[in-house]
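Please keep the sequence and the structure in view while reading.

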2 protein chains.
Amino acid sequence: MNKPWAAIHVGLIGLGTIGTGVARVLHENTEVISRRLGTRLVLKTIADLDITTDRGIDTTGIRLTTDVNELFTDERIDIVIELIGGYEPARTFVERALAAGKHVVTANKALLAKHGNELFAVAAENGVDLYYEASVGGGIPIIKVMREGLPANRIKSLSGILNGTCNYILTKMSQEGGAYADVLAEAQALGYAEADPTFDVEGIDTAHKLSILTALAFGRPIDYDGVYCEGISDIQPLDIAFARDFGYVIKLLAIARMVEDKIESRVHPTMIPADHMLAKIDGVFNAVYVDADRLGPSLYYGRGAGMDPTASAVVADIIDIGRNMQTEGSRRIPDLGWQPGAVSELPCRPIADITTNYYLRFTARDQPGVLSAIAGILGDNQISIASVIQEGRSDDGSTVPIVMQTHPARERNLKRALAEIDRLPAITAPTVIIRMENAL
Amino acid sequence: MNKPWAAIHVGLIGLGTIGTGVARVLHENTEVISRRLGTRLVLKTIADLDITTDRGIDTTGIRLTTDVNELFTDERIDIVIELIGGYEPARTFVERALAAGKHVVTANKALLAKHGNELFAVAAENGVDLYYEASVGGGIPIIKVMREGLPANRIKSLSGILNGTCNYILTKMSQEGGAYADVLAEAQALGYAEADPTFDVEGIDTAHKLSILTALAFGRPIDYDGVYCEGISDIQPLDIAFARDFGYVIKLLAIARMVEDKIESRVHPTMIPADHMLAKIDGVFNAVYVDADRLGPSLYYGRGAGMDPTASAVVADIIDIGRNMQTEGSRRIPDLGWQPGAVSELPCRPIADITTNYYLRFTARDQPGVLSAIAGILGDNQISIASVIQEGRSDDGSTVPIVMQTHPARERNLKRALAEIDRLPAITAPTVIIRMENAL
């Protein structure tokens, strides 16, 4: 039975957007949280280098400090929330909190992608919990679903739209036909993209998140280096239009699947059938589609970023840890959902070894024999063509696009064929390749 | 830290479709379950009145009995799974298991809708867990999401497609235009509908499930009698076609929301905008759409019935209870997610008091003055008309449909107006009413 706790004390590192959201929800939803948890959550201390700026929140009774050490040495603080992001000093702070016997809640996917395995080991050594619901899918409780909702299943594959910036840009380009650079600028003006959007648009943020989901799905350590990553900055309106003609939509997908005892974990622009659930996820929303052996397909959809949705996930973790504390059940669930001794050593499959369908757009001089030359080289490399579109003729006799869909092909073979094709005198620009997924 | 448990012993009541699925997943996914839980789950005993029929499962080492009492008296059994469905003897069996100090897992929404509050009280008295993930949304972990995923939020509303039979029928009628009776017969032939489909098509099954979700969302006791319920058996192809013209889709929705400190909890055919996520849920799939104050909208989608999806949820509960046992943390979470002393007494709003938009189809003699008479009566009852379609003229001067959308109106006023309208000599059939939800 539950032990009575008069209150659970929380210390917060980082009073940026998310930190402000957490402080707000703890203040504004106190009543509903207490009615669920049965114990008061007290935000005791907030540490931030800039602690004096007014964030428009009520800080009555909260100690504000620039000295993060206060959180580690305060014996009354039970849970430390890390919301500063990035690798350092976040890593040091999380380690110190865990070593001081504090439970930790973090939203930091970059930190977990790179240092999660070590940090989980430190948490285990110290008998405390390190929770991270907010690190993937913002407010969507996808970590809980993967760790606790589907444990009876063997996961066959998962595919996710995990970055709202990319999905906003691709949705806008699809619906309104703008060029990438223009839509990015618009997203920046609206606050949907950072001034330096590299982490988002190059797929790095998505890859960080996928490394965590892959570990949860297949019982492996987090392996960020094993994730193949390609961003959206080369996507052309022309390819989006051809995709539509074929009945497809282009999304930046995070894909993890087990194929013949190897793990594929990859992030890249992907053409998916327009009637797939993931094709219907528009704008800044995120979604994760999971195919499990018992449940079959399921989908989890919601806001993947932003102050309030992320705070929803952070506070859910605090409450979950609070329930563990009430029942003296810390370390109730292994960090990644699998017992430490039962983690698999299944290797990652290199991208060259994957097999999928491909969309290819060749830029060729409008002259006889080009299609035959391309088809010959593809055939020599075991690439079988499913359909070809050679639309219109150039007005000036210069170049035209030739668009193909392939049957399932090995990526190594495809890349070898394209290297040869792109050396043909009639090919005037590098060939555009977009992977197609027909069976997510 | 976790206590070592050599094994957790499970007893199963009911070896029907779901019971067979549970036995299968425990057998076939032993390895993955053990790697997650760290303890072996042993299916020790199965009780069923017909225990001899071969279900095609490996029962080596499992005690098979027709005497359910064996489960309650066997001290080695930790968890009892109730999968016989219906009110009795399920209720008696669950009570006896709880009283014997067994944790219980059930998929029985009818039982919980009618007797859940009492059974939860028995579980609390005995210090054991009564889990029920499979009772709503089949394999979708919606109970876990509501209890543990969104606890930082005030829930504003939820709306769900919770019955695969109804959604299959409505999807078929929408996509292929068949009549209700024909599509129902087809669903029966395919095994998607029971020989007696009343519980499904009249919305009763959906209302059972909604009564549970409403309690989870708003911190109330389960109140099945407070759920308004209307089924799909009167839906006409004509109304589906008009809905499409207006940009709407008809779904059997379960809706719960808090409006001015009263709870609306209702099940009825509903027109929703075709671009809403719930409008895209086709066939036998289920989905729950939740609007929460911090997270905003989120959606949970998957298979809501069937042997394997339901078994996925049942076994997730067993594993969850197993983790509680390992950490001696039973009763870790209140049964409905809210502390017993913190349950709200917010009343339900009677259906006559709701305010929404309405679709109305009048069947009127094709003669002058009818529309004016209808509009006059609606106006007298404070019903404001948003649009009218009066298509074509009858060939034989007999009757024509007049279709209207109203602005938001109070249901009591609408019903009063329609009673008057349906008494007009020019109105030759009862007016069809379908509620429209534009802001789920």
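In what order do the six strands of the open sheet of chain A stand? The order is β3-β2-β1-β4-β5-β6, with parallel pairing. The model is predicted: local features need pLDDT of at least 70, side-chain atom pairs count only at pLDDT 80 or more, and totals for chains, interfaces and linings use all residues. Residues are numbered from 1 along each chain as its sequence is written, while chains are lettered from A and ligands numbered from 1 in the order in which they are written.

**Sheet of chain A**

- Helices (H or I, at least four residues) and strands (E, at least two) are DSSP runs numbered from the N terminus, and two strands pair if DSSP finds at least two bridges between them.
- β3 (63-65) and β6 (130-131) of chain A stand at the edges with a single partner strand each, so one side of each lacks a neighbour in the sheet.
- Helix α1 (residues 17-28) of chain A packs on this sheet and touches β1, β2 (40-47) and β4 of chain A; contact here means C-beta atoms, placed from the backbone, within 7 Å.
- The direction of α1(A) makes about 150° with that of β2(A), where axes are lines fitted to C-alpha atoms, for helices over the stretch in contact, and angles run from 0 to 180 degrees between N-to-C directions.
- Four bridges join β1 (residues 7-13) and β4 (residues 79-82) of chain A in the parallel sense, and Gly11(A) stands opposite Val80(A) in β4(A).

**Domains and core**

- An automatic or database domain assignment divides chain A into domain 1 (7-139 + 307-342), domain 2 (148-303) and domain 3 (351-436).
- Taken over C-alpha atoms, the centres of domain 1 and domain 3 of chain A are separated by 51 Å.
- The largest nonpolar core has 291 residues, and Val22(A), Val314(A), Val22(B) and Val314(B) have the most contacts inside it.
- Such a core is a set of buried Ala, Val, Leu, Ile, Met, Phe, Trp, Tyr and Cys residues joined through C-beta atoms within 7 Å.
- Beyond four places in sequence, the contacts of Val22(A) include Leu12(A), Ile81(A) and Val314(A).

**Contact between the chains**

- Chain A and chain B each give 54 residues to the contact.
- On the side of chain A, α12(A) supplies the largest share, nine residues.
- That side divides into 25 nonpolar, 16 polar and 13 charged residues; Ala, Val, Leu, Ile, Met, Phe, Trp, Tyr, Cys and Pro count as nonpolar, Asp, Glu, Lys and Arg as charged, and the others, Gly among them, as polar.
- β12(A) and strand β12 (residues 296-303) of chain B pair in the antiparallel sense over three bridges, with Tyr300(B) as the bridge partner of Tyr300(A).

**Local features**

- Ala97(B), in helix α4 (residues 90-99) of chain B, counts as buried because it has 29 C-beta neighbours inside 10 Å.
- The cut-offs are 20 or more other C-beta atoms within 10 Å for buried, 12 or fewer for exposed, and partly exposed in between, with C-beta atoms placed from the backbone.
- A cis peptide bond joins Glu88(A) and Pro89(A), with omega about 5°; Pro89(A) lies in the loop between β4 and α4 (90-99) of chain A.
- Gln382(A), although not a glycine, has a positive phi of about 65°, and it is exposed, with 12 other C-beta atoms within 10 Å.
- Arg331(B) has a positive phi near 60° and is partly exposed, with 19 other C-beta atoms within 10 Å.

Notes
Contact = placed C-beta atoms within 7 Å.
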